[in-house]
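This report goes through selected local features of one protein model, taking charged pairs, contacts and backbone angles in turn. Please keep the sequence and the structure at hand while reading.

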Amino acid sequence: MTTYAYIGSYANASEPGLLATSYDPATGKLELVQEVSGLSNPTFLDINADDFRLYALFDEKDAEGNRKGGAAAYTIDRSSGKLALINEAITTPAPTCHLVLDETNACIIVASYHGGLLGVSKLLEDGGVGPSSDLKQHHGSSIHPAQTQARAHSVFIAPGNRYAVACDLGLDKLFVYSLDAAEGKLTLKSETSIAPGSGPRHFVFHPSQPYGYVISELNSTVTAFHYDGDEGKLTELQTLSTLPEDFTGESYCADIHISPDGKFLYGSNRGHDSIVVYAVDEASGKLTVVEYTSTLGGHPRNFGLSPDGRFLLVANRDGNNIVTFRRDEHSGKLEATGDQLTASKPVCIKFLEAR
C-alpha cells in the first residue's frame with residue numbers, strides 16, 4: 001500500500017499552491033512528488049478515495065472585481081500520486097474557506113466565511129464539479145467585533161450521510177441540515193446556539209459513539225455535544241478551554257480531529273501555537289486535558305491524523321512548514337519526530353491510501 005498526502009495553501013494562481021507528497025507510514029515523513037499551480041488560494045481539500053479524485057477550493061474575481069468561490073476537480077494517478085485537472089467551476093457568489101464531499105461522492109458542499117452561506121454542487125460523471133445546485137444564506141450577528149454578519153466557516157457530513165452540520169462563526173450557531181446528496185439539496189433541520197462570542201469554526205464526529213465536538217475560534221474552547229442521529233439534533237454536554245490556565249497572550253483556535261479509535265481529541269491554537277490533547281470518556285463523551293504540545297511553527301491553521309492514527313502532521317501557515325509528530329496511542333501524547341516539509345503558507349492536509 002502506498003500513502004499520499006495532499007497540501008492546500010494560500011497562493012496566487014501563478015504559484016504552486018497545491019502539493020502532492022508521498023507519506024511514509026513507518027516514519028511519518030513527507031516527500032514532495034508534485035507542485036500544482038493555476039488556482040488562487042486552494043486552501044482546503046477533500047478526497048474521493050474510491051475513485052482517486054481530489055477537490056480543491058479556489059477564488060477568482062469577476063469583471064466587476066467581485067470575488068467568487070470555486071472548486072477544481074483532479075484525477076489522482078494511483079502509481080505516482082500526481083494530479084491532473086478535470087475541471088474548474090464556480091460554486092458560490094463569495095469566496096469559500098471549506099469543502100466537503102458527501103459519503104456517496106455525489107456532491108460537494110462549500111462554506112463561505114465572507115458570504116455567510118453554504119453552496120452545494122453536484123458532481124459530474126467524470127468526477128468534475130457541476131453547476132451550483134443549492135445555496136443556503138445565513139443571517140444575523142453576535143457580540144464579537146468579528147461577528148458583524150453571518151460567517152459560515154465549515155460543514156461536515158454526519159455518519160450515514162443523512163445530515164450535514166455547518167459551523168457559523170458569526171452567529172455562534174451550529175446548523176444541522178438534511179442532505180439530499182443525489183439532488184444536491186440542503187434543508188434546515190435544527191439550530192444549536194453556543195456561548196455568545198465563541199465563534200464555532202470546525203466540527204468532528206466521534207467515530208463510534210453519538211458525540212460531536214466543535215472548536216471555537218474566538219474564545220478558544222472546545223464544546224462536546226450529544227448527537228441524535230435520528231432527529232438531527234445536538235445537545236451541549238461540556239465546554240473546556242483549549243489553553244493552559246496561565247496563558248495570557250492572544251490566541252485563536254483553528255482545527256479539530258479525533259483519533260481513529262475515538263479515545264483522544266486534538267485541537268490547534270494559533271497564538272499559543274500548540275495542539276491541545278484531550279482524553280475522551282466514551283461513556284459520557286466528556287473531555288479531560290492531557291497536554292499542550294508546541295507545533296514548532298507559527299499559526300497552526302490545520303492538521304491531519306494519518307490513516308492509521310500513528311502520526312499527526314501540523315500545517316503551520318506562518319512557519320511555512322508541515323511538522324510530523326508521533327502519537328502515543330495509549331496516552332494520546334505527541335512527540336516531534338524531527339521531520340519537517342517546507343511549504344509556503346500551508347493550510348490543509350489530506351491523506352489517501354492507494355491500495
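This is a predicted model: local features need pLDDT of at least 70, side-chain atom pairs count only at pLDDT 80 or more; totals for chains, interfaces and linings use all residues.

## Accessibility and the model

A residue is called buried when its relative accessible area is under 20%, exposed when that area is over 50%, and partly exposed in between.

## Salt bridges

With a salt bridge taken as a side-chain nitrogen of Lys or Arg within 4 Å of a carboxyl oxygen of Asp or Glu, the count comes to 7 salt bridges. Side chains of opposite charge can pair when their charged atoms come close. One of these pairs is R67 with D59, whose closest N and O atoms are 3.1 Å apart.

Another pair is formed by D318 and R317, where the closest N and O atoms are 2.8 Å apart. D318 is partly exposed because its relative accessible area is 47%, and R317 is also partly exposed, with a relative accessible area of 23%.

## The pair R270 and E217

Which parts of the chain are tied together by R270 and E217? The side chains of these two residues meet in a salt bridge, with a distance of 3.4 Å from N to O. R270 belongs to strand 21 (residues 264-270), while E217 sits in the loop between strand 17 (211-216) and strand 18 (221-228), so the pair ties together parts that lie 53 residues apart in sequence.

Are R270 and E217 buried or exposed? R270 is buried, with a relative accessible area of 7%, and E217, at 14% relative accessibility, counts as buried. Salt bridges that share partners join R201, E217 and R270 into one network.

For a sense of distance, the C-alpha atoms of Y252 and V204 are separated by 18 Å, the two residues being 48 residues apart along the chain.

S198 is placed in the loop between strand 15 and strand 16 (200-205), and because its relative accessibility is 2%, S198 counts as buried. Leaving out residues up to four places away in sequence, S198 touches Q147, D172, S216, E217, L218 and N219.

## Charged residues in loops

A patch of negative charge on the surface is made up of D261, D308, D328 and E329. Of its members, D308 lies in the loop between strand 24 (300-305) and strand 25 (311-316), and its relative accessibility of 35% is the reason why D308 counts as partly exposed.

E183 is found in the loop between strand 14 (173-180) and strand 15 (185-193), and with a relative accessible area of 46% E183 is partly exposed. Not counting residues up to four places away in sequence, E183 touches K122 and S133. E183 and L123 are 60 residues apart in sequence, and their C-alpha atoms are 10 Å apart in space.

## Positive phi angles

Most residues other than glycine have a negative phi. Against this background, N161 has a phi near 70 degrees, a positive value in a residue other than glycine. N161 is found in the loop between strand 12 (152-157) and strand 13 (163-168), where N161 is buried, with a relative accessible area of 11%.

N320 likewise has a positive phi, of about 55 degrees, although N320 is not a glycine. This residue lies in the loop between strand 25 and strand 26 (321-327), and at 32% relative accessibility N320 counts as partly exposed.

Notes
Residues are numbered from 1 along each chain as its sequence is written. Side-chain values use heavy atoms; hydrogens and water are left out. Patches are made of residues with over 30% relative accessible area and no salt bridge: like charges are joined within 9 Å, nonpolar side chains (Val, Leu, Ile, Met, Phe, Trp, Tyr) within 5 Å. Accessible areas come from the Shrake-Rupley method with a 1.4 Å probe; for residues, only the protein chains shown count as cover. Lys and Arg count as positive and Asp and Glu as negative; His and the chain ends are not counted. The place of a charge is taken as NZ of Lys, CZ of Arg, CG of Asp or CD of Glu. Helices (H or I, at least four residues) and strands (E, at least two) are DSSP runs, numbered from the N terminus. Buried means under 20% relative accessible area, exposed over 50%, partly exposed in between (1.4 Å probe, protein chains only). Contact means heavy atoms within 4.5 Å.
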